[in-house]
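Here are my notes for a colleague who is opening this entry for the first time. Please keep the structure in view while reading.

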Amino acid sequence: MSIHVENIAKRFGRFVALDHVTLDFPTGELVGLLGPSGCGKTTLLRIIAGLESADGGQVLLDGENASDAHVRERQVGFVFQHYALFRHMTVFDNVAFGLRVKPRGQRPAADRIRQRVAELLDLVQLSALANRYPTQLSGGQRQRIALARALAVEPRVLLLDEPFGALDAKVRKELRRWLRTLHDALHITSIFVTHDQEEALEVSDRVVVMNHGHVEQVDAPEQVYEHPATPFVYDFLGAVNLFHGRVHGHHLHVGADHLPVGQHSFATGAEALGCVRPHELEIATDPSEPAGIEARVERVLSFGSTSRVELTGADRDVRRYYEVELSRERIAGLQLAAGQVVRLKPVRVRLFASSQAVEASV
Amino acid sequence: MGAAVATHWTVHSRRFEASAATREPAWVRGILIAIALAFFALFLLLPLVTVFAEALRKGWGVYFAALVDPDARSAIFLTLLVAAIAVPLNLVFGVSAAWAIAKFNFRGKQLLTTLIDLPFSVSPVVAGLIFVLLFGAQGWFGPWLIEHDVKIIFAVPGLVLATVFVTFPFVARELIPLMEAQGQEEEEAAIVLGASGWQTFWRVTLPNIKWGLLYGVILCNARAMGEFGAVSVVSGHIRGRTNTMPLYVEILYNEYNFAAAFAVASLLALLALLTLVVKSLVGMAGPAADECRSGTLKGIP
């Protein structure tokens with residue numbers, strides 16, 4: 001089932017949670033709603049489910065206006081961050097709940113319910129735990145039971161609110177892959193909320209990046225990462241080095257230094273913000289090098305496949321921090337020492353107008 | 001809930017006591033324990049023993065005679081009747097009030113939370129007088145009630161009203177923190193799964209609060225049976241008609257009928273002791289049982 005939200009607005013007192021958001025969630029896709037806490041992503045999910053009512057706008061489920069439909073009638077499956085399993089019921093009873101509360105006419109027979117619950121527990125690979133209570137399960141197991149419970153009533157859409165938010169890093173990663181596999185098998189239209197960019201990029205078919213109650217970008221994961229539409233998205237999806245300056249020809253002048261920026265559409269003299277990922281910066285140790293930003297090495301962190309160099313601006317009056325990611329071989333060749341002054345040269349720069357920059361830094 | 005906290009405490013204090021670094025010197029412990037025991041013996045145990053000793057001083061015969069006296073039987077029956085009406089009423093009121101405060105946001109919520117405590121802070125005599133002022137012959141609704149031949153003051157309805165007022169906070173107070181701590185995610189989950197409001201209450205909310213609720217009801221019942229002040233004002237002390245057990249004890253005592261007074265008082269004390277036993281049984285069976293269940297997998301020895 002497709003979901004379309006049109007012009008949704010929601011305030012909590014004076015706080016604007018959603019500022020006229022319009023979005024499309026096509027049938028069968030797994031969409032990640034990504035953003036920092038307080039950006040309105042959970043509120044949007046709850047409005048789609050019907051757990052929260054919007055101040056304005058519409059929710060269309062399969063083209064039908066569902067804004068006034070009761071939660072019960074929307075046939076959505078909802079998975080909560082803290083599982084919300086019924087603590088006094090066994091795993092079996094939890095999963096069976098949705099089937100047992102159906103009106104008498106639609107309620108399956110007890111045998112059929114038992115069979116269906118067994119199937120679902122099989123699907124989430126927890127058949128052995130049917131008689132346990134939620135408190136006897138690990139976090140990852142609880143969330144899988146919560147998912148099985150949501151799927152029991154055959155919902156038309158699946159909404160997941162930070163489903164892995166309360167789990168530790170290792171279990172998160174495992175469940176992420178598992179959710180993706182499950183979605184590929186079921187093809188149920190799903191939206192999941194997360195503030196973890198890696199999670200969103202890894203699991204989703206498409207990513208919606210939100211900030212301050214509005215949508216910053218909607219794209220495929222690789223597009224969002226490789227071609228961020230705004231400085232905010234740039235910053236939110238991974239580390240970024242920011243260079244404020246003025247454009248002159250093919251250069252961005254930052255203080256006394258300048259960076260080559262290649263092709264762009266900015267007028268000469270326009271203020272601009274250059275965004276460069278840590279792995280897109282090169283370090284030049286030759287002090288006579290004319291291009292690039294002067295910086296002082298603070299620390300070199302070497303572990304894993306890449307090494308990170310933390311630097312501060314050479315001008316001590318203005319506190320600026322830079323981060324460069326290099327291969328271990330390259331670091332070994334450079335022989336960097338703390339306090340050494342070097343030049344940073346970008347391989348690639350994305351330029352944004354400064355007005356956008358102001359918004360991003362709020 | 002109280003029992004859960006208590007078990008947690010004992011575990012904690014055992015560990016605290018086992019360590020020399022945190023243990024108090026023996027004489028400090030000795031003095032504290034002595035003070036506590038002396039206080040307990042003097043103010044709790046001695047009066048309780050006295051009640052039973054006085055009641056039985058003239059032998060079992062007199063004791064039973066005092067209890068089967070028609071006036072005494074009427075007082076016992078009335079006490080049980082008032083409790084049987086007031087406690088279920090407060091069960092419903094308490095659950096509704098706790099539900100409203102814990103699960104909804106509305107204007108005046110803070111005021112309502114404060115008002116629930118009013119019966120605790122106001123003197124029971126004042127509580128009784130409020131009802132006399134409202135429903136008495138000279139009260140606001142007095143003339144109308146007389147016209148329609150409804151008796152509230154100096155009758156059973158007045159006793160029930162006064163008891164309901166005084167015992168109102170017990171259930172609500174017990175449930176509000178519990179329900180606030182549990183939040184409403186489970187209810188939301190139930191509704192999303194298609195449960196009606198009624199199904200959600202019976203299948204999700206009630207099982208989650210049942211032990212706290214039972215605890216509140218027991219306390220409420222203890223107070224309902226023992227209430228004296230408010231009931232005394234609205235009762236009128238009509239023997240065999242509007243005398244509850246506490247009022248009847250006072251009358252007997254004022255008539256120098258000590259044996260009978262203490263006999264009825266001992267029965268009242270017995271009911272109180274029984275309530276305490278039930279309360280601690282509930283405390284042990286309820287949350288503690290849940291904890292054992294949850295402990296099995298967490299590796300708690």
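How many helices and strands make up the secondary structure of chain A?

1. **Chain A overall.** The secondary structure of chain A comes to eleven helices and 20 strands. Helices (H or I, at least four residues) and strands (E, at least two) are DSSP runs, numbered from the N terminus. The C-alpha trace of chain A spans about 85 × 45 × 35 Å along its principal axes.

2. **Basis of the notes.** This is a predicted model: local features need pLDDT of at least 70, side-chain atom pairs count only at pLDDT 80 or more, and totals for chains, interfaces and linings use all residues. Residues are numbered from 1 along each chain as its sequence is written, chains are lettered from A and ligands numbered from 1 in the order in which they are written, and side-chain values use heavy atoms, with hydrogens and water left out.

3. **Burial and contacts in chain A.** Chain A has 362 residues, and 49% of them count as buried. Buried means under 20% relative accessible area, exposed over 50%, and partly exposed in between (1.4 Å probe, protein chains only). Take the contacts in chain A between residues at least 6 apart in sequence: 66% join residues at least 24 apart. Contact here means heavy atoms within 4.5 Å.

4. **Cysteines.** There are zero disulfides over all chains. A disulfide is a pair of cysteine sulfur atoms within 2.5 Å. A:Cys39 is buried, at 1% relative accessible area. A:Cys275 is buried too, at 0%.

5. **Size of the interface.** Chain B gives 23 residues to the contact and chain A gives 28 residues. The area buried between the two chains is about 2300 Å². Carbon and sulfur atoms give 60% of that area. Buried area is the accessible area (1.4 Å probe) that two parts lose on being put together, summed over both.

6. The rule finds two salt bridges between chain B and chain A. A salt bridge is a side-chain nitrogen of Lys or Arg within 4 Å of a carboxyl oxygen of Asp or Glu. One of them joins A:Arg46 and B:Glu188, with the closest N and O atoms 2.5 Å apart.

7. **The chain B side.** Which elements of chain B give two or more residues to the side that touches chain A? They are helix H11 (185–192), helix H12 (197–226) and helix H15 (258–298). H11(B) gives the most, with seven residues.

8. Two residues of chain A deserve a look. A:Glu162 has a positive phi of about 40° although it is not a glycine. A:Glu162 sits in the loop between strand E7 (157–161) and helix H6 (169–186), and is buried at 8% relative accessible area. A:Gln335 has a positive phi of about 55°, and is not a glycine either. A:Gln335 is in the loop between helix H10 (328–334) and strand E19 (341–346). Is A:Gln335 buried or exposed? A:Gln335 is exposed, with a relative accessible area of 63%.

9. **A serine in chain B.** B:Ser232 lies in helix H13 (residues 229–235) of chain B. B:Ser232 counts as buried, at 18% relative accessibility. Leaving out residues up to four places away in sequence, B:Ser232 touches B:His237 and B:Leu247.
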